[in-house]
Amino acid sequence: MENEARKKRIFSGIQPSGELTLGSYMGAIKSWIGLQDEYECIYCIVDMHAITVRQVPADLRRRSLNQLAQYIACGLDPQKNIMFIQSHVPQHAELSWILGCYSMFGELSRMTQFKQKSQQHADNITAGLFTYPVLMAADILLYQADLVPVGDDQKQHVELCRNIAQRFNGIYSDTFVLPEAFIPQVGARIMSLSKPTAKMSKSDPDGCVYMMDKPEEILRKFKRAVTDSETAVRYDKENKPGISNLLTIYSAATGKTIAQAEEDFAGQGYGIFKPAVGEAVVELMRPIREEAERLIADKAYLESVYRDGAQRAQHLAQKTLSKVQRKIGFIAR
């Protein structure tokens with residue numbers, strides 16, 4: 001128990017934005033599996049963040065459940081991690097309002113993502129879009145998280161979170177742990193199959209492999225992957241980005257080194273190499289897809305996971321919220 005108490009706490013908010021990709025699995029999710037023994041991990045499906053842009057209600061519900069199922073299928077253990085849906089823990093909204101009263105208009109207006117999303121959704125620039133970094137701060141600070149895994153595009157939000165926490169702590173004495181951006185061990189950087197100089201992305205469906213794709217769909221995408229006019233299977237990121245990307249994927253899927261992969265396909269040409277990479281990915285994804293499909297069909301189990309997760313999350317969240325409410329002068333309930 002003493003060792004348990006020393007574990008650092010990680011909070012990660014996951015947008016229910018659709019199917020997970022091969023890129024997200026190889027680049028991030030695989031490395032998360034090891035974190036669950038080393039850290040106390042909290043994974044939150046952030047459906048409240050999702051509604052800053054218009055959603056089809058049935059799709060949002062489906063994606064939230066599917067994403068939870070896929071993360072479990074990848075190896076995240078609901079017993080070792082707290083896994084829940086953001087809207088099921090009302091303390092997120094309550095703390096967000098309070099922190100909004102300690103956030104400056106100027107600092108929110110400088111958020112790069114607000115500027116970008118305002119351009120993308122010019123007909124729907126809502127107050128929620130403007131203040132969602134405050135909700136993100138509440139997500140993190142509620143759990144006194146030490147570390148927040150983020151990409152480069154979210155570092156600014158962690159800095160804002162720290163600023164808000166420091167401002168509150170300065171007024172009312174130490175209340176919040178100051179979180180740090182955490183860059184977990186990065187797995188393979190997977191690029192688009194159709195544009196191998198760009199990262200694999202859902203915005204490029206032809207170049208993107210989804211974890212729930214059927215085997216025949218995966219094979220079709222790899223057979224059509226963009227390569228070059230040579231025939232040699234060798235790693236050369238600058239001159240052969242397509243083949244280099246496929247070698248990276250093959251290596252990550254099989255556990256072989258790039259050099260071993262090059263040796264395996266020496267003199268064999270792309271017509272043999274591309275389907276072989278597809279087959280390796282099919283076999284890597286098969287048990288995950290099958291387990292995810294089983295979990296998605298077992299609504300009672302998924303419900304037990306997110307209800308238990310919300311209960312555990314609320315226990316932690318209420319401790320922080322009660323402390324905050326007392327410090328700012330609210331009467332205890």
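In which sense does α5 pass α14, left-handed or right-handed? Keep that in mind as you open the viewer. The model is predicted.

**Stop 1: two helices**

Select residues 91-100, helix α5, and residues 299-328, helix α14. Their axes lie 10 Å apart, and the helices pack at an angle of about 30°. An angle under 35 degrees counts as roughly parallel, so α5 is roughly parallel to α14. As for the opening question, the crossing of α5 past α14 is left-handed.

Now show side chains. From α5, pick Q91, E94, L95 and I98. In α14 they meet Q314, A317, Q318, L321, V324, Q325 and I328. Colour this contact by residue class: six residues are nonpolar, four are polar and one is charged.

**Stop 2: I328**

Stay in helix α14 and centre on I328. Which residues does I328 contact, leaving aside its neighbours within four places in sequence? They are I98, Y102, F168 and Y172. Three of these names return at the next stop.

**Stop 3: an aromatic cluster**

Select Y102, F168, Y172 and F176. Ring pairs join these four into a cluster. The whole structure holds 12 aromatic pairs.

Begin with F11 and Y143, another of the pairs. Their ring centres are 5.7 Å apart. The planes meet at 5°, so this pair is stacked. F11 sits in strand β1, residues 9-14. Y143 is in the loop between α8 (127-142) and β4 (147-149). The pair links distant parts of the chain, 132 residues apart. Are these two residues buried or exposed? Both F11 and Y143 are buried.

F168 has 0% relative accessibility and counts as buried. Y172 is partly exposed, with a relative accessible area of 24%.

**Stop 4: H157**

Follow helix α9 to H157. This histidine is buried, with a relative accessible area of 1%. Hide its neighbours within four places in sequence, then list what H157 touches. M111, Q113, Y132, P133 and M136 are its contacts.

**Stop 5**

Switch to the backbone. Most residues other than glycine have a negative phi. Two residues here deserve a look.

Select Q144 first. Its phi is positive, about 50°, although Q144 is not a glycine. Q144 lies in the loop between α8 and β4, the loop that also holds Y143. The relative accessible area of Q144 is 16%, so Q144 is buried.

Then select S173. Its phi is also positive, about 80°, and S173 is not a glycine either. S173 is found in the loop between α9 and β5 (180-182). Is S173 buried, exposed or in between? S173 is partly exposed, with a relative accessible area of 42%.

How values were computed:
Residues are numbered from 1 along each chain as its sequence is written. This is a predicted model: local features need pLDDT of at least 70, side-chain atom pairs count only at pLDDT 80 or more; totals for chains, interfaces and linings use all residues. Side-chain values use heavy atoms; hydrogens and water are left out. Rings of Phe, Tyr and Trp (its six-membered ring) pair if their centres lie within 6.5 Å; planes under 30 degrees apart count as stacked, over 60 as edge-to-face and the rest as tilted. Helices (H or I, at least four residues) and strands (E, at least two) are DSSP runs, numbered from the N terminus. Buried means under 20% relative accessible area, exposed over 50%, partly exposed in between (1.4 Å probe, protein chains only). Axes are lines fitted to C-alpha atoms, for helices over the stretch in contact, and angles run from 0 to 180 degrees between N-to-C directions. Angles under 35 degrees count as roughly parallel, over 145 as roughly antiparallel, 65 to 115 as roughly perpendicular and the rest as oblique. A crossing is left-handed if the near helix is turned anticlockwise from the far one by less than a right angle, and right-handed if clockwise. Contact means heavy atoms within 4.5 Å. Ala, Val, Leu, Ile, Met, Phe, Trp, Tyr, Cys and Pro count as nonpolar, Asp, Glu, Lys and Arg as charged, and the others, Gly among them, as polar.
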